[in-house]
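Dear colleague,

Please find below the structure that I am handing over to you. My findings follow directly after it.

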Amino acid sequence: AMGTQPSIPDVNKVTDSDMNEIKSVVNNNASEITPMYCRATITTEPTVTTNYYVTLNNIGINTGEFTLENGGIKIPSGINHVRISGSVFLNNFPGGQNYLWTKIYRKRGSTDDFISGVINNSTNTFISSAVPEVITNVQEGDIIRLMADSPNGGKIRAYATNTWLMVEKVD
């Protein structure tokens, strides 16, 4: 009928228990979408060899949960899957029929598991190779490591614009 007011519930009927449940749901949802990520790089410029693990020694971007260990990014507790990517850039590359193979490994205990890699070749004195994003399973204590494979040498360029490894929590 015309002029009738909608039925508005009495706010006094919401109990403390109801409010606590609402807060719990909101807080849980917020923690699920809180980003956790780390991008690490190097500050030195070593010469690469066959299957050379890049010793990451600088965290440029970090939400605070990740740490460096044994030259890689260590996985903290509470993470089941991560999105990883990385890049290696070489100077003084010998060119010709040489290649740079950038690889990402997951170290779990004494086992190194190959996760993904990209190979590139060049006739120039510079070469880069970047591994696009890939999702992999992890557990607490795993170490995500970056490898550069260039049997004929080259010098790894330092800093985040050149050589880096990114790890981001998925769940």
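Isoleucine 73 has isoleucine 144 as its bridge partner in strand 10; strands here are DSSP E runs of at least two residues, numbered from the N terminus. Strand 5 (residues 72-74) and strand 10 run antiparallel and are joined by 2 bridges, and two strands pair if DSSP finds at least two bridges between them. Please note that this is a predicted model, in which local features need pLDDT of at least 70, side-chain atom pairs count only at pLDDT 80 or more, and totals for chains, interfaces and linings use all residues. Residues are numbered from 1 along each chain as its sequence is written, and side-chain values use heavy atoms, with hydrogens and water left out.

Strand 2 (residues 52-54) pairs antiparallel with strand 10 over 3 bridges, and valine 54 stands opposite leucine 146.

Strand 10 (residues 143-149) is largely enclosed by the rest of the structure, because 7 of its 7 residues are buried (under 20% relative accessible area, 1.4 Å probe, protein chains only). Ile143, Arg145, Met147 and Asp149 cover one face, and Ile144, Leu146 and Ala148 the other.

Threonine 41, in strand 1 (residues 37-41), is also buried, with a relative accessible area of 4%. A polar atom of its side chain lies 2.5 Å from the backbone oxygen of threonine 163.

Yours sincerely

Note on methods. Helix = DSSP H or I, 4+ residues; strand = E, 2+ residues; numbered from the N terminus. Buried < 20%, exposed > 50% of the residue type's maximum accessible area, 1.4 Å probe, protein only. Polar contact = N/O pair within 3.5 Å; in protein donor to acceptor, adjacent residues only side chain to side chain.
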